[in-house]
Amino acid sequence: MSPTTTTPGTSEPTSAPEIRKGLNGVIADVSAISKVNPETNSLLYRGYPVPQLAATQPFEAVAHLLWSGELPSADELTALEERFHAHRTLDPAVKQALDSLPVTCHPMDSVRTAVSVLGARDPEAEDSSPAAERAKAERLTTQLPAVIAYEQRRRRADGPTQPIPPRDELDHAENFLWMTFGEVPAPEVADAFRVSLILYAEHSFNASTFTARVITSTLADLHSAVTGAIGALKGPLHGGANEAVMHTFDEIGIRPDESAEEAKERARVWMEDALAQKKKVMGFGHRVYKNGDSRVPTMKQALEAMIAHTGREELLGLYDGLEQAMEEAKGIKPNLDYPAGPAYHLMGFDAPLFTPLFIAARVTGWTAHVMEQRAANALIRPLSAYNGVEERQVPGA
Ligand SMILES: CC(C)(COP(=O)(O)OP(=O)(O)OC[C@H]1O[C@@H](n2cnc3c(N)ncnc32)[C@H](O)[C@@H]1OP(=O)(O)O)[C@@H](O)C(=O)NCCC(=O)NCCS
């Protein structure tokens, strides 16, 4: 809807400025962190194709790449891992804050609260020098798995419980799963998780990253930017979609004894019915990619590896049935949240924890953008075209 096609109270047309609802198609700034190319269906982090990074790199190396612009040398990677290890244990003050929240609140609220607490307690909270920003980005990236793992455990325990201490011989992805489930993950599981973290790490000016940049542009601190970004990520049109995908699967009904073909048929019927009711089905469509999300093939491969590992072929049936029915009816393709949802389910996470997992990855991209915004800052403050009532007088004034 155009905001100023007529002046309220008159039929007089006014000159309407061009409004791009949702900033659709607006280029807001330059960025050297990632390049999303919908024409070639490709995504680059600092120039490197993301599927190549997912095939070869640990998550820690991709974090270093996003922050610094280059992949780490072997020595730099070792040094980064050591710094990560120093902050893996759940801060008792954060545990106390989490324990004060009801287990009925959404875990995104818990993680958002935890980031606020971590910010308030960070020794460099108000230091926005490049060195301090980088140190805070590293700390937060390595503190978040402890928070999310504990939040999953607290919910399963229906209240305060004991966190699982980290293990130094495990890498970031393995240790995250260890601290959540208390088991060293099978290589297939750890690898699928590592891939998901790399794919979720960065995606240019999406809603949460833009939120982080807006907050940074006011010269607020890094933890404030991340806290705001978490709020933006929570919504089902953004990060909340990976949780919503699982609710769709649940609504259709997950029947582990069913064949893939039977599951596929039920999923097709569900999708036809949903589209007939004009429902938006989460996990499909994208603002930028109109011919498929560049990250889906890599995540689908990781999901298939999980399915082969667990023998849960019926989930692939549900996946294919929904995808094919959507393609035939509307030509809309899945986004990254679509394969990520069932993959996280097979790893053992509860659906409400899926979007917090997205935070654990995207915190690297957010903080890279915080640093980039701060290095060449301009306050982000667009204009609006007023379409309310004309000036009038308060009775009796
Ligand atoms: C991501 C999303 C917000 C992009 O939206 P957008 O670029 O603003 O596109 P629109 O929402 O205007 O959709 C354009 C058309 O496709 C349809 N469409 C888009 N995504 C759809 C979906 N997931 N299910 C059903 N229809 C969808 C819309 O209904 C609309 O149809 P219409 O023109 O007949 O009204 C949108 O695709 C969506 O809501 N997807 C579901 C949420 C999701 O998975 N988000 C994660 C994104 S990574």
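**Figure 1. Lysine 278 lies in the loop that connects helix H12 (260-276) to helix H13 (296-310).** In this predicted model, lysine 278 adopts a positive phi of about 60°, although the residue is not a glycine. Lysine 278 counts as exposed because 6 other C-beta atoms lie within 10 Å.

**Figure 2. Asparagine 41 occupies the loop between E1 and E2.** E1 and E2 form a hairpin with 4 residues between them. Asparagine 41, in the turn of this hairpin, has a positive phi of about 50°, although asparagine 41 is not a glycine. With 17 C-beta neighbours inside 10 Å, asparagine 41 is classed as partly exposed.

**Figure 3. Three strands build an open sheet in the order E1-E2-E3, with antiparallel pairing.** The edges are taken by strand E1 (34-37) and strand E3 (48-49), each of which has a single partner strand, so one side of each is left without a neighbour in the sheet. E1 and E2 run antiparallel and are joined by 4 bridges; asparagine 37 stands opposite serine 42 in E2. E2 and E3 also pair in the antiparallel sense, over 2 bridges. Here leucine 44 is found opposite proline 49 in E3.

**Figure 4. The side chains of E1 alternate between two faces.** Ser34 and Val36 point to one face and are buried.

**Figure 5. The ligand is surrounded by 15 residues.** The closest of these residues are Ala241, Phe284, Gly285, Arg287 and Asn335. By residue class, the shell around the ligand comprises 6 nonpolar, 5 polar and 4 charged residues.

**Figure 6. The domain assignment divides the protein into domain 1 (34-237 + 351-375) and domain 2 (242-347).** The centres of domain 1 and domain 2, taken over C-alpha atoms, are separated by 26 Å. Domain 1 contributes 25 residues to the contact, and domain 2 contributes 26 residues. On the side of domain 1 that touches domain 2, the elements that give two or more residues are strand E2 (42-45), helix H1 (50-56), helix H8 (187-200) and helix H16 (354-375). H8 gives the most to this side, with 8 residues. The residues on the side of domain 1 that touches domain 2 divide into 20 nonpolar, 4 polar and 1 charged.

Figure 7. The C-alpha trace spans about 70 × 55 × 45 Å along its principal axes. The radius of gyration is 22 Å, which agrees with the value near 21 Å that a compact globule of 397 residues would have. Of the 397 residues, 44% count as buried. Among contacts between residues at least 6 apart in sequence, 76% join residues at least 24 apart.

Definitions and conventions: Residues numbered from 1 in each chain as written. Predicted model: local features only at pLDDT ≥ 70, side-chain atom pairs only at ≥ 80, totals over all residues. Near = placed C-beta within 6 Å. Nonpolar A, V, L, I, M, F, W, Y, C, P; charged D, E, K, R; others polar. Domains from an automatic or database assignment. Contact = placed C-beta atoms within 7 Å. Pairing = 2+ DSSP bridges. Rg over C-alpha atoms; globule rule 2.2 N^0.38 Å. Buried ≥ 20, exposed ≤ 12 C-beta atoms within 10 Å, placed from the backbone.
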